[in-house]
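Subject: Structure handover

Dear colleague,

Here is the structure for your files, with notes on what was found in it. Please read the notes alongside the coordinates.

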Amino acid sequence: MTTLLLLSNNLMFLPRIQQAAGPGVSIVRASNLGKVTELISESPIDLVVADLEYDQDFWHKALQLFKEDQDLNPKMIAYGPHEDTTSMELARSLGCNPVLAKGAFVNNLKSILEETSK
């Protein structure tokens, strides 16, 4: 089973992500760094989805943790407001690919998750 970690406090997209991900994906969510480290210790994380509208200090540190620890090595994607190019560039520099505007993320969620899960 694939484990997807959602870095967000916003539960609005969770049902959409669950539906798009399908039955072979376990989705866990963290809104603080302590929860991220707890989840890492419980199970390997295969995919990280970062909500760039959430607390930048949190997602920055969480993505940095995954980038620095070669043993973790999940695929990482991020989404946020299209006008927040600074956060998008920061997420890219931390290893997120793709980094998408929220609208593109929502409209193409199923194909994004399928492509990223390969």
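A word on terms before the findings: contact means heavy atoms within 4.5 Å. Axes are lines fitted to C-alpha atoms, for helices over the stretch in contact, and angles run from 0 to 180 degrees between N-to-C directions. Helices (H or I, at least four residues) and strands (E, at least two) are DSSP runs, numbered from the N terminus.

This is a predicted model, in which local features need pLDDT of at least 70 and side-chain atom pairs count only at pLDDT 80 or more, while totals for chains, interfaces and linings use all residues. Residues are numbered from 1 along each chain as its sequence is written, and side-chain values use heavy atoms, with hydrogens and water left out.

Overall fold

The chain has six helices and five strands, arranged along the sequence as β-α-β-α-β-α-β-α-β-α-α. The C-alpha trace spans about 35 × 30 × 25 Å along its principal axes. The radius of gyration (taken over C-alpha atoms) is 13 Å.

The five strands make an open sheet with parallel pairing, in the order β2-β1-β3-β4-β5. Two strands pair if DSSP finds at least two bridges between them. The edges are β2 (25-30) and β5 (99-101); each has a single partner strand, so one side of each is left without a neighbour in the sheet. From one strand to the next the twist averages 20°. Strand β1 (residues 2-7) and strand β3 (residues 47-51) run parallel and are joined by four bridges. Leu4 has Leu47 in β3 as its bridge partner. Helix α4 lies across β4 (75-80) and β5, and runs at about 160° to β5.

Helix packing

Helix α2 (residues 33-42) and α3 have axes that come within 10 Å and cross at roughly 25°. That makes α2 roughly parallel to α3; angles under 35 degrees count as roughly parallel, over 145 as roughly antiparallel, 65 to 115 as roughly perpendicular and the rest as oblique. The crossing of α2 and α3 is right-handed, a crossing being right-handed if the near helix is turned clockwise from the far one by less than a right angle, and left-handed if anticlockwise. On the α2 side the contact is made by Leu33, Val36, Thr37 and Ile40, and on the α3 side by Phe58, Lys61, Ala62, Leu65 and Phe66. By class, these are seven nonpolar, one polar and one charged. Ala, Val, Leu, Ile, Met, Phe, Trp, Tyr, Cys and Pro count as nonpolar, Asp, Glu, Lys and Arg as charged, and the others, Gly among them, as polar.

The axes of helix α3 (residues 56-68) and helix α4 (residues 85-93) also come within 10 Å, crossing at roughly 20°. That makes α3 roughly parallel to α4, and their crossing is right-handed. Gln56, Trp59, His60 and Lys67 of α3 meet Ser87, Leu90, Ala91 and Ser93 of α4 in this contact. The residues of the α3 contact with α4 are three nonpolar, four polar and one charged.

Backbone details

Asn97 and Pro98 are joined by a cis peptide bond, with omega about 15°. Pro98 sits in the loop between α4 and β5. Asn73, in the loop between α3 and β4, has a phi near 45°, a positive value in a residue other than glycine.

Regards

Technical notes:
Rg over C-alpha atoms; globule rule 2.2 N^0.38 Å.
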